[in-house]
Amino acid sequence: MTRIRIRNGRVIDPTRRDEVIDLVIVDGRVDGFIAASETGEFDREIDARGFVVAPGFVDLHTHLREPGFEDKETVATGVMAAVAGGFTTVCAMPNTNPTLDTAGDIEFVLAAGRKAGKARVIPLGTVTRGEAGKELSDTAEMAAAGAVAFSDDGKPVYDARMMRYALSESLRHGKPVVNHCEDPAIADGGVMNEGPVSDLLGLKGMSRAAEDVMVARDIELARHTGGRLHLAHISTEGSIRLLRRAKRDGLAVTAEVTPHHLTLTEDWVVAPGGQKNGEGRPAAVQYDTRAKVNPPLRREEDRQALIAAVAEGLIDAIATDHAPHRSIDKDCTFDEAAFGISGLETTLGSLMKLVEAGQLTLPDVIRRITLDPCRTFGLPFGSLAVGAPADIVIMDPEASWTVDASSFHSKGKNTPLDGHTLRGQVVMTLVDGRVAYERGGA
Amino acid sequence: MLKTSAAVNGHVTTPSAVERHPWTGRRHVLDLDDFSRDEIEEVLRTADRMKDVLARPIRRVPSLRGRTIVNLFYEASTRTRVSFELAAKNLGADVVNIAASGSSVEKGETLLDTARTLRGLGADIMVLRHPDSGAPYTVARHTDLSVVNAGDGLHAHPTQALLDAYTIRERIGRIEGLRVLIVGDILHSRVARSNAWCLARLGADVTFCGPPALLPPTSVSDHDRAPWPARVDLHLDHAVEGVDVIMPLRVQLERQDGSRLASLRSYARDYGINRARLARAASHAIVMHPGPMNEGVEIDADVAHGDRSVVQQQVTNGVAVRMAVLYLLTAAVRAAAVTDAEEAQKPAAKSGNATNGRKA
């Protein structure tokens, strides 16, 4: 029997507990909570004084790139990045090469995750074979093999008929269809948000309407089919408006938002930090490809609408859309650059900005990256209930640190936050009661 | 890799400069949005002197002898490329012209690798034309070449705007207070963007006019946030009233797929510059065009070749203005190098200054 005691931490277990207390782990499971004064025999005692102890983070949207794009990320490097960022479970997107279309593909990623250890890896399967949008994948077979949801992420399911029947299929297995909502005809090859910055820089804009239109379509299809819809990384005020209506109508619709859409705006494309000079114009134009992401960073109004929606509980989950790329994919012109931000290792520090700004509370933030995402995808994690797997993060909410992308565990060093100072750092991550990451450790 | 913002944009401040030349600290000409009025006027003054040089029997001065200028063009171009080539040669520089077709670009070499290779071969200044907006910024950020933007995507064409300003001043005598109307496909026009910065900085009142789908989206639907110093008017017959300068833009036929524009006929009817419309402008009004022209679409042939047209003058002035830009940029870079060398010789007096993004 292995017994671990985490001492003196502020334990935040969403909807259950927020107090300074000691947490006891026995054989990889949460055994209970005891007062600091209680004594006992433990194999290891971890001092968490001044730190927060919470369920390990759960990411509904991670690109691990394996199989096929191992030069960008592997399951092994991806889970290292995950636990360094406080994540104990990551849901791996199926836009690999080949795409995850069959039970065998799902089993491959599950096996790669088991082999890598560290964090739990749970794949999604595709909605359509090869993400080509032409014929449905056998989602029921993949669900039985362990797929948690289905998505053609990276691309939308463009054909409305295909989306309709994919939602119908979801009734067979209850797993959500996750759509990347973007009408390609409206997005029209855009590379950033359409607005004053795209006008200024002469970059092709993606209208917010491209997202709003497809969110509206998918919500109506969910209404008509009764299917289970999850909206990936929504980014616009319009999507929030549509989501509110869908939830009010009682539809089986959930949604996630990313840390970057909550904290950054289109101004970051001009230059890191989006600084402006006295005339309100950008001080130094840089065409920062690291801020190129899809959906694009939007306007401040959109950002504020997303934050408000997280605060009121309309948004079900904060998900990273961790999208690692090689340096060559970003050291090029803005048009040529790949979309995506490497996000696992900066999630906590990014979200703490919103806590510092007084817009979200720390318990809110924790809930949206633990309990709520687990409920969204039906995962049995995200809480510190007695008997639950001891997937735990210990974090120092006050620690200030400077992002050095070159030291990321992820192969993807692509973040516009490189060189920026963040507050809030992961001290230790435990999965099944085993230490998977320790700050300053090996 | 140079990462500081100072190195990326045009300017690096030199605190020790006593008599600051307007171009002091400039390393690149990427767009005119970071140009002061003084800097632009310095170009116009210098271009006057270059015009004098061009009027001599031997149209050459040795100012750039020993310097290597590379013209790297990823898009087709006649006037801009030849104009830059002649400008550099007139100043005594060694000039290398590279077109993307026929070079290693066809083997998949990236822009940055090509730029580093050319730097390794001894290029001092790169004149870059590229279909991607911001491409010159990418080269400026990742190499230590001096970069002159010869047109990047939809973004900027600073030397075109400078030669336009020069031509307006030459014909009308001033720019301050003039009303300038730029007509057509503003959305896809790097010329319109750079002209707006340049002419507004010189005190002109700039208006963009075109069909809504060919205007930058913020100009139409979110006007308070439109980033340029330009008004917007959707109706040419109204906008043209009393203006001093009319600049129809080329309708980029290669970009028209039928979704933004019903037909060229529809365009010409409502946005073409013809005699009747010209008559509504000021009596001294001039007509400019960045070329190449689609006669009968954005401009009628009789206007294009009429006595108000300054199209030929624009082309001719292009050489003098580009000579001025290359001359001023070389002088600024050279001065910065001298300053750096002097700084380097001072024993650790200002060690904190050594890392401000300038190269030694």
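In this predicted model, 21 residues of chain A meet 27 residues of chain B; two residues count as in contact if their C-beta atoms, placed from the backbone, lie within 7 Å. Helix 6 of chain A (residues 196–201) gives the largest share of chain A's side, four residues. Helices (H or I, at least four residues) and strands (E, at least two) are DSSP runs numbered from the N terminus. Chain A's side of this contact consists of 11 nonpolar, five polar and five charged residues. Here Ala, Val, Leu, Ile, Met, Phe, Trp, Tyr, Cys and Pro count as nonpolar, Asp, Glu, Lys and Arg as charged, and the others, Gly among them, as polar.

Numbering and confidence

- Residues are numbered from 1 along each chain as its sequence is written, while chains are lettered from A and ligands numbered from 1 in the order in which they are written.
- Local features need pLDDT of at least 70 and side-chain atom pairs count only at pLDDT 80 or more, but totals for chains, interfaces and linings use all residues.

Chain B as a whole

- Chain B contains 13 helices and nine strands.
- Its radius of gyration, taken over C-alpha atoms, is 21 Å, which agrees with the value near 21 Å for a compact globule of 360 residues; the globule rule is 2.2 Å times the number of residues to the power 0.38.

Domains of chain B

- Domain 1 covers 5–153 + 315–355 and domain 2 covers 159–309, with bounds from an automatic or database domain assignment.
- Between the two domains, 19 residues of domain 1 are in contact with 15 residues of domain 2.
- On the domain 1 side, helix 2 (37–55), strand 4 (146–152) and helix 13 (311–345) each supply at least two residues.

Helix 2 of chain B

- Helix 2 has 19 residues and spans 27 Å from first to last C-alpha, close to the expected 27 Å, which is 1.5 Å times one less than its number of residues.
- B:Glu39, B:Ile40, B:Val43, B:Ala47 and B:Met50 are its buried residues.
- The face turned away from the buried side carries the exposed residues B:Asp38, B:Asp52 and B:Ala55.
- Helix 6 (158–172), helix 7 (190–201) and helix 13 of chain B are among the elements that cover the buried residues of helix 2.

Key:
A residue is buried if 20 or more other C-beta atoms lie within 10 Å of its own, exposed if 12 or fewer, and partly exposed in between; C-beta atoms are placed from the backbone.
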